[in-house]
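Subject: Structure handover

Hello,

Here is the structure I said I would pass on. My notes on it follow below.

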Amino acid sequence: MRILVAGGDGFCGWPTALHLSKRGHEVAIADSLIRRKWDEELGTQSLTPIASLEERVAAWREASGKSIPVYIGDLMSYEFVEHMFKEFQPDAIVHFAEQRSAPYSMIDREHAVFTQMNNVVGNLNVLYAIKDITPDCHLIKLGTMGEYGTPNIDIEEGYIKIQHKGREDVLPYPKQPFSFYHLSKVHDSHNIMFACKSWGIRATDLNQGVVYGLWTEETRQAEALYNRVDYDGVFGTALNRFCIQAATGHPLTVYGKGGQTRAFLDIRDTVQCIELAALHPAEPGEFRVFNQFTEQFSVLELAERVQRVAAERFSLQAEIAHLPNPRVEKEEHYYHAVHTKLLDLGLQPHLLSDDLIADLIETATRYRDRVDFDVIAPSSTWR
Ligand code: NAD
Ligand code: USQ
């Protein structure tokens with residue numbers, strides 16, 4: 001298949017592009033490289049050294065013999081999107097190219113407005129390009145489990161059967177997102193659903209949980225292929241942050257009580273899920289939703305697990321700090337989310353293992369000189 005990976009310079013996009021290329025698909029990457037600029041804005045960097053996108057694809061050509069053409073540009077520019085679709089003629093587009101940090105979207109008005117413009121406008125441009133240039137192209141869009149929030153009932157995969165005053169319908173599952181970032185994903189979902197209904201576009205919304213890990217088979221092959229991994233208080237995510245904190249002697253930053261329960265998956269399962277969605281496309285006009293995660297954990301449970309592995313494998317004594325929660329969220333709640341559709345398509349999950357945690361701690365120990373303690377604390381607050 002001809003697969004365009006938008007956001008292919010990022011944490012999920014880069015390993016996905018390599019995985020799809022390795023599996024024999026014709027892959028192209030689109031990215032504005034803006035994520036590298038946000039690192040500069042925040043005074044942070046990936047824990048692992050990352051090569052430029054140009055060096056990355058050259059290293060991949062050397063390692064695999066396969067070419068990945070690159071389109072550098074902003075999805076907010078329709079001219080750019082139109083040119084790329086006309087030239088590459090994708091069978092599928094995997095759309096990762098958004099501002100994905102909840103704390104970044106909550107810094108202030110400017111960051112909230114930017115996040116929603118970047119994400120909603122970019123996604124709308126992709127929808128129009130599909131309609132006008134490649135109407136059969138399957139949109140594989142990264143959504144988030146955080147679109148649903150934490151309702152006191154089970155979370156279904158996109159839709160729920162409702163009985164009301166003696167009548168029944170299957171309706172979109174109610175959305176109670178956590179941040180202006182998560183809200184941008186809800187707006188995207190609504191726009192995609194409308195486009196599928198109106199124009200007959202085929203789309204899969206992958207409501208992904210928090211991704212942990214760093215390495216995939218392909219990204220380990222050479223230093224120029226290394227993936228990025230974030231540890232700072234804005235872009236770093238729960239489990240990865242705890243491993244890097246344990247390795248560097250920083251207390252593990254549990255926000256509030258730590259009973260916040262979220263859905264999680266290994267980066268190796270992200271790349272698998274994307275290929276499964278591509279190989280089994282939605283029907284024309286279908287707006288399909290998959291919950292893309294493999295396990296759920298509370299934040300405190302993860303911190304305790306990292307603490308134990310750090311002690312057992314490395315004799316490191318990691319302290320757990322309960323910081324005042326910078327976010328407005330429930331710290332104790334019911335959480336049970338359905339996630340069977342990707343398993344039905346053949347997903348073979350990599351469940352969280354002590355080995356994975358140890359591997360992350362080992363990587364962080366190797367690159368501890370790149371860790372700046374000043375950017376670890378949460379710097380953006382919801383209130
Ligand atoms: P990332 O920030 O590492 O990568 C995103 C990439 O998109 C960056 O390289 C950035 O330069 C690019 N980009 C952003 N806006 C763009 C635009 N307007 N035009 C062109 N390129 C643009 O993020 P990630 O962690 O790889 O996340 C990828 C996607 O997966 C996001 O949509 C995110 O919401 C979703 N997601 C991520 C996680 C996670 O835990 N990382 C979990 C669930 C969902
Ligand atoms: N948390 C801590 N300590 C930390 C970091 C986070 O306790 O040091 C808590 C947060 O308060 C929150 C939970 O851990 O309750 C998850 O936070 P996170 O920063 O790991 O993840 P989140 O903000 O939800 O966002 C990440 C990605 C985003 C993706 C989302 C999936 O950045 O792109 O959409 O995970 S989900 O959570 O399912 O919505």
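Leaving aside residues up to four places away in sequence, Thr16 touches Val5, Val94, Thr270, Val271 and Ile274. This is a predicted model, so please read the values as computed from it. Thr16 sits in helix H1, which covers residues 13-22. Thr16 and Thr270 are 254 residues apart along the chain, but their C-alpha atoms are separated by 7.6 Å. Is Thr16 buried or exposed? Thr16 is buried, because it has 31 C-beta neighbours inside 10 Å and the cut-off for buried is 20 or more.

Next, a pair of helices. Two packed helices are described by the angle between their axes and the distance between the axes. For helix H6 (residues 109-132) and helix H7 (residues 180-199), the axes come within 9 Å and cross at roughly 20°. H6 is therefore roughly parallel to H7, the limit for that term being angles under 35 degrees. The crossing of these two helices is right-handed.

The residues that make the contact are as follows.

- From H6: Ala112, Thr115, Gln116, Asn119, Val120, Asn123, Leu124, Leu127 and Lys131.
- From H7: Phe180, Tyr181, Ser184, His187, Asp188, Asn191, Ile192, Ala195 and Trp199.

Sorted by class, the contact between H6 and H7 has 9 nonpolar, 7 polar and 2 charged residues.

The ligands come last. Ligand 1 is surrounded by 27 residues, and the closest of them are Gly7, Gly10, Cys12, Arg35 and Arg100. Which elements each supply at least two residues of this shell? They are helix H2 (34-42), H6, strand S5 (138-144) and strand S9 (210-212). The shell around ligand 1 has 11 nonpolar, 10 polar and 6 charged residues.

Around ligand 2 there are 21 residues. Thr144, Met145, Gly146, Thr237 and Tyr255 are the closest. Helix H8 (238-248), strand S10 (252-255) and strand S11 (261-266) each give at least two residues to the shell around ligand 2. The largest share of that shell, 3 residues, is from S10. By class, the shell around ligand 2 divides into 8 nonpolar, 8 polar and 5 charged residues.

Regards

Methods. Residues are numbered from 1 along each chain as its sequence is written. Chains are lettered from A and ligands numbered from 1 in the order in which they are written. This is a predicted model: local features need pLDDT of at least 70, side-chain atom pairs count only at pLDDT 80 or more; totals for chains, interfaces and linings use all residues. Helices (H or I, at least four residues) and strands (E, at least two) are DSSP runs, numbered from the N terminus. A residue is buried if 20 or more other C-beta atoms lie within 10 Å of its own, exposed if 12 or fewer, and partly exposed in between; C-beta atoms are placed from the backbone. Two residues are in contact if their C-beta atoms, placed from the backbone, lie within 7 Å. Axes are lines fitted to C-alpha atoms, for helices over the stretch in contact, and angles run from 0 to 180 degrees between N-to-C directions. Angles under 35 degrees count as roughly parallel, over 145 as roughly antiparallel, 65 to 115 as roughly perpendicular and the rest as oblique. A crossing is left-handed if the near helix is turned anticlockwise from the far one by less than a right angle, and right-handed if clockwise. Ala, Val, Leu, Ile, Met, Phe, Trp, Tyr, Cys and Pro count as nonpolar, Asp, Glu, Lys and Arg as charged, and the others, Gly among them, as polar. A residue is near a molecule or strand if its C-beta atom, placed from the backbone, lies within 6 Å of it.
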